[in-house]
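Here is a short note for a colleague opening this entry for the first time. Please keep the structure in view while reading.

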There are 2 protein chains.
Amino acid sequence: MADDAEKELLADAGYRIRETRAAQGLSLDQLARLTGISAPALSLIETGKRDPRLTTLKRIADALRVPPATLIADGSGTAEPSASSSSGGYDLREYQ
Amino acid sequence: MADDAEKELLADAGYRIRETRAAQGLSLDQLARLTGISAPALSLIETGKRDPRLTTLKRIADALRVPPATLIADGSGTAEPSASSSSGGYDLREYQ
DNA sequence: GACGATCTTAACGTTAAAGATAAAGTGCCT
DNA sequence: AGGCACTTTATCTTTAACGTTAAGATCGTC
């Protein structure tokens, strides 16, 4: 996780979490109670100093009542293009 | 993380990864080389037996050339409806 | 100035992710 | 049957997440 792009990913996700939390008027302690994640751990995540696990992200997203994906940068800047990607039906069997 | 919802989250993310990988005709070994993540670790993630870190997810998403958010269950694409907030039950104001 | 609330950081212990390697399990061939 | 490609499982080591506790740091407001 020494990569620069990864640091930016963590910083961006942390920023999104902090923004969402602040928009709801929640303190770190309050979010800690809602998520079961300690306030110091939340602080590290929000400041991009910790690499959270997927379930940790989900607990935060659930407490903030937003989809987990909204907390993650889409890889293109800061705004989400909601680019639906491919998502068409692939059929795996055709390739094997 | 013994939670049932979290297990489903991991299983779903793993399934999406496997789907995307298979759609591109990649083997675990090939994806392991692309991501720098060992094939056994990828197998555990794809089968929902491991709780990956955010940067781990991003390395996989980058190798598969999809936005990281598409690997997480939440509405953007083929996921279940998730019925808006699902558990719209609690009231945050009680904590404030 | 002292206080209260908020956030940050550090140290320490527990738990688990991630790596490497090797082994065992699949399925598909000729 | 044997071999081959792919995947899973098992073991081990290192690294890091997370909780707890406690200590600073920054705000305000009185």
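This is a predicted model: local features need pLDDT of at least 70, side-chain atom pairs count only at pLDDT 80 or more; totals for chains, interfaces and linings use all residues.

The points below take the DNA strands in turn and then the nonpolar core.

1. Look at DNA strand D. There are 20 residues around DNA strand D. Those that come nearest are A:Ala41, A:Asp51, A:Thr56, B:Leu28 and B:Pro40. Two or more residues each come from α3 (39-46) of chain A, and from α2 (28-35) and α3 (39-46) of chain B. The most come from α3(B), which gives four residues. By class, the surface near DNA strand D has eight nonpolar, six polar and six charged residues.

2. Turn to DNA strand C. The elements giving two or more residues are α2 (28-35) and α3 of chain A, with α3 of chain B. The largest share, five residues, belongs to α3(A). This surface divides into nine nonpolar, six polar and seven charged residues.

3. The largest nonpolar core holds 35 residues. Which of its residues touch the most other members? They are Ala13, Ile60 and Leu71 of chain A, and Ala13, Ile60 and Leu71 of chain B. In both chain A and chain B, α1 (4-23), α3 and α4 (54-64) each supply at least two residues of this core. In soluble globular proteins, nonpolar side chains tend to be buried together.

4. Inspect B:Leu71 closely. Setting aside neighbours within four places in sequence, B:Leu71 contacts B:Ala13, B:Arg16, B:Ile17, B:Leu57, B:Ile60, B:Ala61 and B:Val66.

Terms used: Residues are numbered from 1 along each chain as its sequence is written. Chains are lettered from A and ligands numbered from 1 in the order in which they are written. A residue is near a molecule or strand if its C-beta atom, placed from the backbone, lies within 6 Å of it. Ala, Val, Leu, Ile, Met, Phe, Trp, Tyr, Cys and Pro count as nonpolar, Asp, Glu, Lys and Arg as charged, and the others, Gly among them, as polar. A nonpolar core is a set of buried Ala, Val, Leu, Ile, Met, Phe, Trp, Tyr and Cys residues joined through C-beta atoms within 7 Å. A residue is buried if 20 or more other C-beta atoms lie within 10 Å of its own, exposed if 12 or fewer, and partly exposed in between; C-beta atoms are placed from the backbone. Two residues are in contact if their C-beta atoms, placed from the backbone, lie within 7 Å.
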